[in-house]
Structure formats: structure tokens, C-alpha cells
Amino acid sequence: MVYRIPGKEIELADLNGQTNFIIKPWQGGAFSLQSSNSSQKSRFQRQTSKEGYRVSFAKYMEAFQSGNIQKAILSSIIQEEKPKDFDPIDYFFRLCESYPNAFAYLLYHPSLGTWCGASPEILLEGSGDEYSTVALAGTQPTNPSQEYDWGEKEVEEHELVNEHIRAILEKGGATEIRETAPYTIQAANVVHLKTDFRFKYGKSVRSLLDQLHPTPAVAGLPTAASIELIQAAEKHDRGLYTGYLGILSESETRVFVNLRCMQIGERDLALYAGGGITAKSDMEAEWMETRLKAKTLLNLLKSTT
């Protein structure tokens with residue numbers, strides 16, 4: 001496995017225990033890179049059709065009307081034929097060059113296959129008793145003016161994530177919690193609303209990771225109900241998508257939510273993308289948002305051919 005943490009050099013995670021690299025699939029327990037087994041086997045997934053997405057979206061709308069779910073993430077898969085001259089290592093280096101502010105990685109695991117991705121979202125980072133996390137929600141395309149007007153749906157979606165993180169930190173025993181006002185950041189060809197949280201934490205970092213994941217940005221709110229809806233409506237296995245991965249050691253924690261990513265098969269590539277659905281969402285707009293997010297990986301793929 002190779003990876004690049006933003007602001008650092010590319011590193012190789014070896015299998016001799018020198019690097020404390022942790023991997024958590026969407027469902028199932030977290031495990032170290034050195035583990036020969038994981039709690040989940042991941043087979044190669046096939047493309048999500050627009051009609052299939054429409055059916056799943058309708059189930060979400062029914063759930064919003066009949067229950068207390070405020071938001072749930074609906075993901076889809078874009079399948080691309082792998083170029084004959086596709087080189088995973090070369091593609092990884094292109095990811096690092098194109099997205100310097102993202103956590104980029106290329107890994108192979110016998111249970112999960114080969115995955116590659118670049119994620120801008122920190123789940124937890126820090127050392128000692130000083131830590132930080134982020135709320136990242138709301139998406140729109142970049143524009144030349146770099147001036148962005150966030151609509152009611154995006155602002156509401158972002159504040160739901162903020163409220164969730166505040167509650168977890170306060171209940172979990174974090175102290176001296178500070179947060180920024182929401183601001184716009186660019187991630188490849190899209191922008192998001194982001195809020196930074198900084199705090200002190202003197203307990204088990206592993207325990208805090210388990211509380212923070214899954215975030216509303218990858219599951220929804222309330223968490224348990226949104227996961228149940230996702231499992232009922234999505235027809236594919238997310239695998240490593242919307243899990244987390246990164247460094248977890250006594251001296252350093254740098255763990256990222258696994259967002260923009262793809263699974264590399266023998267003949268095809270499965271690109272994963274999703275978006276937050278609320279009662280105010282429009283199906284066509286949400287479908288297009290997943291296509292837009294997938295371009296982070298897709299455009300770079302096409303530039304290699």
C-alpha cells in the first residue's frame with residue numbers, strides 16, 4: 001500500500017507492523033493493514049442504473065414522510081472499462097499531483113481487493129490531547145467567479161452535521177470545544193460547506209472514532225434509522241466506500257473518511273459517489289451531483305488514456 005497525507009511525502013505502509021494503518025469498511029469492524037483477514041469480503045460491484053437510483057430515491061422520500069429521518073445518504077456506482085494501459089501506481093501519483101489537499105491512497109487487501117481514492121474529509125486528527133474533526137456537507141460545482149450562494153437545502157444539511165458532531169463531542173467527554181463558522185472549500189471540481197472543530201480529548205481515540213463514524217455525511221440522521229434505510233434501499237455493497245482509513249498510533253492520529261474512491265477490477269473500475277438526501281431533495285439534481293463527484297476520479301482516468 002502507498003498513501004499520501006496532505007502536506008507530507010508519499011509513504012509506503014509495510015506489512016511488518018512499522019506503520020499503524022487502520023482500515024474500516026462501511027459495514028464491519030476496523031482492522032489493521034497487517035491483518036490477513038477482515039470482517040467483510042468485498043466483491044466487485046456493478047453500475048447503478050438511473051432507474052435503479054430513482055427507485056431507491058423514492059424509498060427515501062417515503063421514509064422521510066413516514067418516519068423521523070431527517071437526512072440519508074444515497075450512493076451509486078459508475079462502472080468504467082479499465083484502459084488497456086491502466087497503471088494503478090501511475091494513477092495514484094496523478095491523484096497526488098492533482099489533489100494536494102486530499103488524502104490519497106492505493107491499497108490491496110486479499111479480502112477487499114484493490115482500491116484507490118482521494119478524500120478531502122478528515123474524520124479525526126491530532127496527538128496528545130489536542131484533536132480536530134470537520135463537518136463537510138453541501139455540494140455545488142465550481143465556477144470561475146469563485147462566488148457561491150448556498151441554498152436552504154445545503155445550509156440545512158450542513159447544520160444537521162454540525163449538530164451531530166457537537167452532540168458526540170459533548171457526550172463523549174471532549175473539552176474546550178471550538179468551532180469555526182461554516183466556510184466554502186474546493187475539492188477538485190466541486191465545493192463544499194465546511195466547519196472545523198478543535199477540542200481536547202484524553203480518552204481512547206479508538207472509542208472516539210467509533211462514535212464519530214459513520215458521520216451524517218456518509219450515513220444520515222438519525223444514524224441508526226438512516227443506516228437501516230440505506231441497507232434497504234441501496235442494491236450494492238459499499239465496500240470501503242464511506243468507511244475510514246489512515247494512521248492510528250500512540251504518537252499520531254490522521255484518519256480520513258473514504259469518499260472519492262474506486263475499486264479496481266480485472267477489466268473494469270467501479271467508481272463510488274453519493275449525496276445527502278432530505279425531504280427537499282430533487283431526484284434529477286441529486287443524480288447529477290453523484291455524476292459530478294465521480295468526475296474527480298473519472299476525469300483523471302481519462303487523462304491517462
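A pocket, as the word is used here, is an open set of grid points with protein on both sides within 12 Å along at least five of seven lines. The model described is a predicted one.

The largest pocket has a volume of about 380 Å³. Its lining comprises 18 residues, and those closest to the pocket centre are N101, A102, P120, I185 and Q186. Two elements, β11 (183–187) and β15 (253–257), each give two or more residues to this lining. The largest contribution is that of β11, with three residues. By class, the lining of the largest pocket holds 11 nonpolar, four polar and three charged residues.

Helix α1 gives the most, with four residues. The lining of the second largest pocket divides into four nonpolar, eight polar and four charged residues.

Helix α1 also takes part in a helix pair. Spanning residues 50–66, α1 packs with α5 (residues 223–233) at an angle of about 150 degrees, and the two axes are 10 Å apart. The crossing of α1 past α5 is right-handed. On the α1 side the contact is made by S56, K59, Y60 and A63, and on the α5 side by L229, I230, A232 and A233. Sorted by class, the residues of this contact are six nonpolar, one polar and one charged.

Terms used. Residues numbered from 1 in each chain as written. Predicted model: local features only at pLDDT ≥ 70, side-chain atom pairs only at ≥ 80, totals over all residues. Heavy atoms only, no water. Axes fitted to C-alpha atoms, helices over the stretch in contact; angles between N-to-C directions. Left-handed = near helix turned anticlockwise from the far one by under 90°. Contact = heavy atoms within 4.5 Å. Nonpolar A, V, L, I, M, F, W, Y, C, P; charged D, E, K, R; others polar. 1 Å grid on protein atoms, 1.4 Å probe; cavity = no way out; pocket = protein on both sides within 12 Å on 5 of 7 lines; lining within 4 Å. Points joined across faces, edges and corners; volume = space filled by probe spheres on them.
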